[in-house]
Amino acid sequence: MPLDGSFIACLRNELKTAIDCHIDKIHIPAKNEFVFSLRGKNFNKKLFISISPANPRVNFTEAVFENPANPPMFCMLLRKHLASGRILSVEGIGAERLIIFKIQSTNEMGDRVTNSLILEFLGQKTNLILVDEQGKIIESAKRSDIESGARLIQPGATYTPPENSGKIDLLTGDLKIAAQNILFYADIRLSDAIIQSIAGISPLICRELTLRLTGDCDSATSKTTENKIFNALASLKKEIETGGTPTILYDENNQPKDYSFTEIRQYGNLFKYKIAPSYSALLEDFYGERDRIRRLEANKSDLVKKIKTLIARNERKLQLRKQELSKSANREHLRIYGELIKANIYRIPKGATKIVVENYYDPECREIEIPLNNALSPAGNAAKYFKEYKKACTAEQTLGELINECENELSYLESVLFSLQSANSTAELLEIRAELSELGYIPRNSGNKKAKITAEPYEFSKNGYRILVGRNNLQNDKLTTKIAGKNDLWFHTKNIHGAHVILFTEGKEPDEKTLLYAATLAAYFSKAQGSNQVPVDYTPVKFVKKPNGAKPGMVIYQTNKTIFANPGDFKL
């Protein structure tokens, strides 16, 4: 994945289309990610910057981002210095891995100033740095350690470009000398010699140059000549200066595996080659999906942790209540103690701590020892046991209700956890967050004034029948109680958390294949996705009811039939 100086030089040419545009909005949707909304004449795009060491990039994007309600301090500072600013130029230094945006804006005094937003692609030290007109650092996304002795990236320090590697720059250096330097490494592979001599090209391009020069990526330096090397370097330089060719490589599963600014042939038929319409499209294709998944998982993590904590808390509570219920169930002896004390009250001396009497509740009338409180009278001891018995009876009824409440709570939380783990879009996540907020599990996000994003249910069809599948509890409720007709069919895995599936019958009788397909969808979109022969209940929607006060997605149903489905028969 060579985001090298040459690729960045080609990318800079594309980014120059943003010159004269104004910065409308600035957001930091996630750590190490920046989004600048740009507006100009016939130009309305978002510039996305990632300084994540794993996925560094900069490109125009049409992706939708969920922005935090409370922007980080660096975001506020960028807005202060760059908001409404005009991009004057997009520059670089030869084949160095950096991009410099010169931006003219108005300061607090009303004066026009030109600041530089410098993007450095330096591996683990990839950074975004804001520099003023005097070359002083205003702030950076990542600060350096003052005591490390390395290049100082701190507010107030003078900005200095990254240290030159000592190699010859492909775009600004003397290519004749470069060719001579390459031949100096006579005893190593040609690709390694190019890496040692030329700045701005990655190992991938060095191997490709070797292939073009000798027909073999692993050829030795002695297999070519100075003149051939010079011509190859000059040709590559010209290709970069004219914009290059955004090329992306895909494996047999159509997954992007590599990319470049020039044609890559060293892999032969191992990969498929595609020319992207732009470098931005190339980077979106290569990084977009994995970035979206990573961003989604990061946004999920807090909610998943919260729900798992609530589940663990409710499991402990349920266990304690069941233990208390078990104790209260074993209460009959308390009533017997009270009755026996009353029957033998004349035999109990004042201040006694126990009494041994015949237990006429025992068929064999065996003797039983009853503990007594010597501070109470015999009648008081009887009253105490009757009170404890009555309390245990009341506790049994109350604990039964609390246990049922706790089990319902657990069932709901587990359904939310399933929805969270199944969510594959920001819109789904926002709906689940809204559901939890509405029920008081998480605080309302009053600071976020952005319009609510809603996801649509999954939609399928089979033999002319339309089928909808809910993505979360709110959608399940809406599908079952508002969208579906009373004669449509409702499907759900039996005693397993999963989606509500609605088969719209339109007054017809679906055949067995259609019923099985709908059941397969219900099994696939459930916790039993990895199982075989999953039981799925189905019934007309008119027999599905939502009890008063029930949480989202919770329903009861009757007169159902059961069909067994294999989730593996369905592929999304």
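**Close-up views of a predicted model**

**View 1. Pairing of strands β12 and β14.** Strand β12 (residues 247-250) is joined to β14 by four bridges, and the two run antiparallel. Strands are DSSP runs of E with at least two residues, helices are runs of H or I with at least four, and both are numbered from the N terminus. Two strands pair if DSSP finds at least two bridges between them. Opposite T247 stands I275 of β14. The model is predicted: local features need pLDDT of at least 70, side-chain atom pairs count only at pLDDT 80 or more, and totals for chains, interfaces and linings use all residues. Residues are numbered from 1 along each chain as its sequence is written, and side-chain values use heavy atoms, with hydrogens and water left out.

**View 2. The open sheet β13-β12-β14.** Three strands form this open sheet, with antiparallel pairing. β13 (256-260) and β14 (272-275) are the edge strands, each pairing on one side only.

**View 3. Packing of helices α7 and α9.** Helix α7 (residues 279-329) packs against helix α9 (residues 378-422) at an angle of about 160°, and their axes lie 9 Å apart. α7 is therefore roughly antiparallel to α9 (angles over 145 degrees count as such). Axes are lines fitted to C-alpha atoms, for helices over the stretch in contact, and angles run from 0 to 180 degrees between N-to-C directions.

**View 4. Confidence of the model.** The protein averages a pLDDT of 90, and 98% of the residues score at least 70; pLDDT is the predictor's confidence in each residue, from 0 to 100. Over residues 447-451, pLDDT stays under 50. Where pLDDT is low, the predicted coordinates should not be read in detail.

Definitions and conventions:
Angles under 35 degrees count as roughly parallel, over 145 as roughly antiparallel, 65 to 115 as roughly perpendicular and the rest as oblique. Contact means heavy atoms within 4.5 Å.
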